[in-house]
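Have the sequence and the 3D view open as you read.

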Amino acid sequence: MNSESYAYIGRKQPQIDGLAKATGEAKFTTDLVLPRMLIGKLLGSPYPHARVRNVDASRALALKGVKAVVTGKDVPGKKYGVFVSRMDETGLTVKARFVGDPVAAVAAVDEETAMEALGLISVDYEILPAVFDPEEAMKEGAPVIHDEYERNIVADTHYDFGDVEAGFRECDHIREDNFFSQTVSHATLEPRGVLADCDVAGKLTLWTSTQAPFQVRRDIIRALDIPASKLRVIKAHVGGGFGGKADTYPMQVAATLLAMKTGRPLKIIATREEEINVRRRAPMSIFTKTGVKKDGAIMAQYLKILADSGAYSSTSILMMYNSGLTCMIPYRIPNFKYDGYQIYTNKMVTGAMRGHGANQPRFAVESQLDMIAEDIGMDPADLRLRNASQKGDTTVSGLHFVSCELSRSIEESTRNVGWKEKRRQKGTNRGIGIACGGFVCGARISGHTASGTNIHVHEDGGVTVITGSADIGQGSNSVMAQFVAEELGIPLSDISVIAADTETTPIDNGTFSSRVTFYGGNATLLAAREVKQMMAGIAATLLKSNAEDIVFRDKLVFVRDDPSRSIPFGKLAKATEGMGHGRLIIGQGQWAPTNTQFPDKKTKWGNVSGSYSFATQIAEVEVDTETGQVKVISITIGDDCGQVINPLSVQGQADGSVAMGIGHALLEQLLFGSNGQLMNPSLLDFKIPTAMECPPTTLLEVGTPDPIGPYGAKEIGEGLLITTVPAICNAIYNAVGVRITELPITPEKILKALDEKKRREKP
Amino acid sequence: MKRRLELTVNDECLDVEIEPHRTLLEVLREELGFTGAKEGCGLGACGACTVLVDGAPVLSCLTLALEVQGKTVTTVEGLVKNGQPDPVQKAFVDHGAIQCGFCTPGSVMSAKALLEKNSNPSGQEIREALAGNLCRCTGYQKIIEAVGSLAKPR
């Protein structure tokens with residue numbers, strides 16, 4: 001069945017909660033209020049590395065309106081974290097590891113009182129030597145940030161597939177280059193927040209801005225040593241995540257503890273300064289060595305990456321795994337070696353961010369491929385086409401591509417922009433550049449990652465979809481509703497979605513690794529089909545036909561060959577309920593791919609994702625050689641995300657990725673002072689793109705339905721961002737002949753490089 | 001000491017006793033229950049708190065509530081008339097101009113103010129009018145399309 005014959009799949013669907021968001025009705029955590037609610041605030045350490053000897057909260061507690069103060073000594077000290085093997089956070093700490101690391105929290109009747117109370121808490125610190133640079137931090141004798149981690153190495157990941165040395169020996173040309181990708185903020189418009197409530201029986205409820213309520217529950221019950229059944233975590237409307245809200249954050253622990261202690265509801269909302277200081281993208285220094293034959297065939301590649309973890313682990317081992325893994329996706333590389341290190345430093349924490357570990361090496365490798373293409377006199381698009389992964393490929397690392405339209409994406413995007421002509425244009429400061437990439441649809445490297453959905457059909461034919469998948473703004477609730485609408489032949493307006501509540505919805509790991517449509521979508525399809533099968537059986541009896549011949553469409557249920565024999569969907573629901581002794585129309589679905597393996601502990605071999613997305617991105621830029629300003633004129637994307645479910649959402653992901661990529665390439669950088677303190681924690685000083693900087697994007701859908709994804713869909717949320725940055729870098733080189741290897745590409749760097757180029761050319 | 005503030009919010013005359021240092025955003029959200037306007041930064045950098053004061057867009061996080069004494073304030077909730085959303089709100093929904101929705105109330109108000117002043121804005125004029133409303137999700141394209149769809153050629 002192609003998308004032409006679908007009623008809802010592949011059709012533009014506004015978000016089902018769009019009107020609630022447009023009218024101000026949608027409730028984010030900050031909008032929630034409970035009677036007798038207190039306000040909480042966190043006290044951060046002013047030192048990058050210091051042991052808390054004592055906290056004297058007596059003056060704060062004496063202030064009128066202050067209800068409680070808790071410190072690192074009030075948490076049991078059981079560590080939590082994203083990975084069981086890397087648990088290193090306690091919520092409130094007795095040893096501060098970065099400036100701002102929370103050491104205490106206060107509950108008060110209002111924000112002003114809470115702020116005043118923070119100033120009245122005296123903390124006696126034993127200041128410890130600190131280290132801020134990952135290279136320094138991994139030297140023998142450097143200050144140890146977590147006792148269990150020698151030389152501060154929190155993750156070291158190594159791959160060695162094929163025979164890299166032999167591969168390099170076969171090459172006609174080899175390049176070795178160094179790159180640096182800076183650290184940036186997620187800069188979600190919504191600062192994170194939490195509202196905690198403790199009832200008289202001790203049952204706790206949290207409403208919070210999170211991508212992963214089940215992870216929050218797992219971490220908090222551990223941190224505070226309470227039974228899982230005593231804590232309910234509900235995702236409120238979330239104002240963007242991009243990976244930053246994928247793990248538990250200290251204010252969630254602190255709010256829970258303060259609610260327990262005071263017996264009153266308590267809300268903590270981060271200021272922008274606090275928000276930016278929680279998570280960021282890891283900066284990475286990347287050494288890349290790539291060897292090719294004369295015809296451009298890649299024979300071997302080696303990457304060595306050094307990443308800054310900041311003060312805690314967060315997603316470290318997955319990030320470093322991804323950095324290597326995702327290098328294997330877009331191209332056939334017969335011999336591949338990778339050494340990835342992530343190092344603790346006394347700075348704020350790095351973690352997952354859209355593209356998670358893939359962006360930084362993609363920038364390096366795609367930049368270097370253009371350098372190689374120039375060296376061997378080959379068109380960069382042809383070089384990529386020569387090496388592009390193909391459907392059916394299994395990489396040397398075990399990744400298996402059940403669908404792949406990368407070659408088509410290169411061909412169609414280059415054709416669309418008039419690549420050959422534009423590459424030849426000389427004497428202008430305009431240039432065009434290409435980059436390719438691919439991404440997982442949910443990487444599973446440990447634990448369970450299944451998703452689940454339950455569906456209830458009401459007596460009037462209305463449907464409630466209850467899913468563990470967390471909509472954080474990307475529109476997954478709408479996509480789940482689309483799947484159900486298509487299966488049951490009812491409009492989206494008849495469907496409501498309840499999502500991401502640890503007490504009422506199926507368990508789900510959360511929204512990350514581009515897994516939601518792929519996993520949650522398949523689970524939803526299974527649930528819808530269970531409902532459909534039950535109702536089709538009843539319809540067959542009523543319409544004197546066979547269940548296989550029953551069609552659900554346009555709120556009618558009818559016999560395929562004789563649509564006049566029909567019953568409205570609502571009537572069928574009512575009739576089904578009344579059948580026999582009475583029955584409920586409930587469908588359940590749970591899903592995880594069966595074609596994956598955990599990566600081998602030693603070699604890292606294994607297919608970690610059911611399927612993979614592929615994309616080509618072409619940037620056209622104009623460089624002002626007087627000011628060094630780069631203007632992105634257009635971005636054209638050839639994208640294989642399989643079957644498009646909602647073109648509005650898919651285009652939205654593309655536009656949003658491009659904007660974030662422009663920020664990463666040209667504008668954004670978090671800066672740290674000599675004491676490791678974040679120096680620009682505001683949206684005035686950390687500049688993200690505005691409506692003035694973002695060009696129109698052209699999205700060419702080149703995918704075919706994937707055999708595993710729901711209705712053939714694959715991911716698009718993360719994979720597109722990873723190619724924007726290198727496409728811009730390559731376009732700048734094409735425009736003015738300067739290669740910037742350290743991000744962001746500021747006007748100063750462009751001018752300096754132009755100056756050096758001029759001097760080189762005219763000695 | 002609390003001061004008395006009289007103002008019109010979304011066609012309703014209201015008076016409220018407030019501390020003089022309270023911002024318009026705080027009073028709207030915490031005293032009057034209009035939580036549509038959001039605080040994204042508290043420094044006037046993001047535009048999520050944009051509301052209209054006598055028809056002009058202002059950053060309510062940087063406006064002291066007492067500055068709007070006797071004035072008319074419109075928040076995103078006030079654009080809904082007789083249960084019907086404003087054409088700007090509907091266009092944002094239909095064009096996919098909303099993802100997470102946190103910046104949406106502010107962006108909608110900036111767009112509304114633009115269209116009231118200029119019924120046929122160009123793409124560039126739309127970009128300029130929305131340049132103070134940061135959005136991290138949409139890349140702005142669909143917001144610009146949504147506003148553009150309401151432009152009425154003279």
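Predicted model: local features only at pLDDT ≥ 70, side-chain atom pairs only at ≥ 80, totals over all residues.

Residues are numbered from 1 along each chain as its sequence is written, chains are lettered from A and ligands numbered from 1 in the order in which they are written, and side-chain values use heavy atoms, with hydrogens and water left out.

**Rings**

How many aromatic pairs does the structure hold? Over all chains there are 18. Rings of Phe, Tyr and Trp (its six-membered ring) pair if their centres lie within 6.5 Å; planes under 30 degrees apart count as stacked, over 60 as edge-to-face and the rest as tilted.

Take A:Phe28 and B:Phe102: their ring centres are 5.1 Å apart and their planes sit at 90°, so this pair is edge-to-face. A:Phe28 is in the loop between helix H1 (18–22) and strand E1 (38–44) of chain A, and B:Phe102 is in the loop between helix H2 (87–94) and helix H3 (104–117) of chain B, so the pair joins two chains. (Helices, H or I with at least four residues, and strands, E with at least two, are DSSP runs numbered from the N terminus.) A:Phe28 counts as buried because its relative accessibility is 1%, and B:Phe102 is buried too, with a relative accessible area of 0%. Buried means under 20% relative accessible area, exposed over 50% and partly exposed in between, using a 1.4 Å probe and protein chains only.

Now look at A:Tyr159 and A:Tyr321, whose ring centres are 5.9 Å apart with planes at 65°, so they are edge-to-face. A:Tyr159 lies in strand E7 (residues 153–161) of chain A and A:Tyr321 in helix H9 (residues 316–325) of chain A, so the pair ties together parts that are 162 residues apart in sequence. Both A:Tyr159 and A:Tyr321 are buried. They belong to a cluster linked by ring pairs, together with A:Phe161, A:Phe336 and A:Tyr338.

Rings can also have a charge over the face. That label applies if NZ of Lys or CZ of Arg is within 6 Å of the ring centre and within 35 degrees of the ring normal.

| Arginine | Ring it lies over | Distance from ring centre |
|---|---|---|
| A:Arg192 | A:Tyr249 | 4.6 Å |
| A:Arg529 | A:Tyr711 | 5.9 Å |

**Pockets**

On a 1 Å grid over the protein atoms alone, a pocket is an open set of points where a 1.4 Å probe fits, with protein on both sides within 12 Å along at least five of seven lines; lining residues have an atom within 4 Å of a point. Grid points are joined across faces, edges and corners, and a volume is the space filled by probe spheres set on the points.

The largest pocket has a volume of about 1300 Å³. It has 43 lining residues, and the closest to its centre are A:Ile39, A:Glu111, B:Arg22, B:Glu26 and B:Glu30. Which helix gives the most to this lining? That is H1(B), with five residues. By class, the lining of the largest pocket has 17 nonpolar, nine polar and 17 charged residues. Here Ala, Val, Leu, Ile, Met, Phe, Trp, Tyr, Cys and Pro count as nonpolar, Asp, Glu, Lys and Arg as charged, and the others, Gly among them, as polar.

The second largest pocket holds about 1000 Å³ of space. Of its 38 lining residues, A:Val82, A:Phe83, A:Ile445, A:Ser446 and A:Gly447 are the closest to its centre. H6(A) gives the most to this lining, with six residues. The classes here are 16 nonpolar, 12 polar and 10 charged residues.

Two strands pair if DSSP finds at least two bridges between them. Six bridges join E2 (residues 50–56) of chain A to E6(A), and two bridges join E2(A) to E4(A). A:Arg51 stands opposite A:Glu126 in E6(A), and its bridge partner in E4(A) is A:Lys95. A:Val55 has A:Val123 as its bridge partner in E6(A).
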